[in-house]
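Please open the structure in your viewer and follow the selections below in order.

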Amino acid sequence: YQFEDTSMTFDLVIDIGNSRIKGALFDRKTLVDSFSLPAHPIPQDQLIQFLGKKPISNVLVSSVNAKAEKSIKDHLEQKNIRHHFLDYKTLKMIFD
């Protein structure tokens, strides 16, 4: 998946696991911030605070936790932030 190139906004990558939600904020290829939060219960206030730090234009999410995934997806849609969720249908790995 390729994000659009923009210098005014940031890209966010989120990994939703069974016990932790981790995220990394990028300015093009440079890591500028990151977070790690518990997945149960989801600390909505901390997540929303992090998402509001910088203008985010694109979010790429991988998840194995449907409950946490729904919460994050709902927030991204509410804020009209472009996002893409990876799953077994959208992720194709080729080993040579």
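A residue is called buried when its relative accessible area is under 20%, and exposed when that area is over 50%. The model on display is predicted.

Begin by selecting helix 1, residues 44–51, where Leu47, Phe50 and Leu51 are buried. These residues lie on the same side of helix 1, because they span an arc of only 100° around the axis.

Proceed to strand 4, residues 56–63, and select serine 63 within it. The side chain of serine 63 comes to 3.0 Å from the backbone nitrogen of asparagine 65. A polar contact, also of 3.0 Å, links the side chain of serine 63 with that of glutamate 69. Leaving aside residues up to four places away in sequence, serine 63 touches Ile16, Glu69 and Leu86.

Finally, select helix 2, residues 66–78, which contains both lysine 70 and aspartate 74. Which interaction joins the side chains of lysine 70 and aspartate 74? The two meet in a salt bridge, with an N to O distance of 2.7 Å; the structure holds one salt bridge. Lysine 70 and aspartate 74 are four residues apart, about one turn of the helix. Lysine 70 counts as exposed because its relative accessibility is 51%, whereas aspartate 74, at 36%, is partly exposed.

Note on methods
Residues are numbered from 1 along each chain as its sequence is written. This is a predicted model: local features need pLDDT of at least 70, side-chain atom pairs count only at pLDDT 80 or more; totals for chains, interfaces and linings use all residues. Side-chain values use heavy atoms; hydrogens and water are left out. Helices (H or I, at least four residues) and strands (E, at least two) are DSSP runs, numbered from the N terminus. A polar contact is a pair of N or O atoms within 3.5 Å; within protein, one must be able to donate a hydrogen and the other to accept it, and residues adjacent in sequence count only if both atoms are side-chain atoms. Contact means heavy atoms within 4.5 Å. A salt bridge is a side-chain nitrogen of Lys or Arg within 4 Å of a carboxyl oxygen of Asp or Glu. Buried means under 20% relative accessible area, exposed over 50%, partly exposed in between (1.4 Å probe, protein chains only). The arc is that of the directions from the helix axis to the C-beta atoms.
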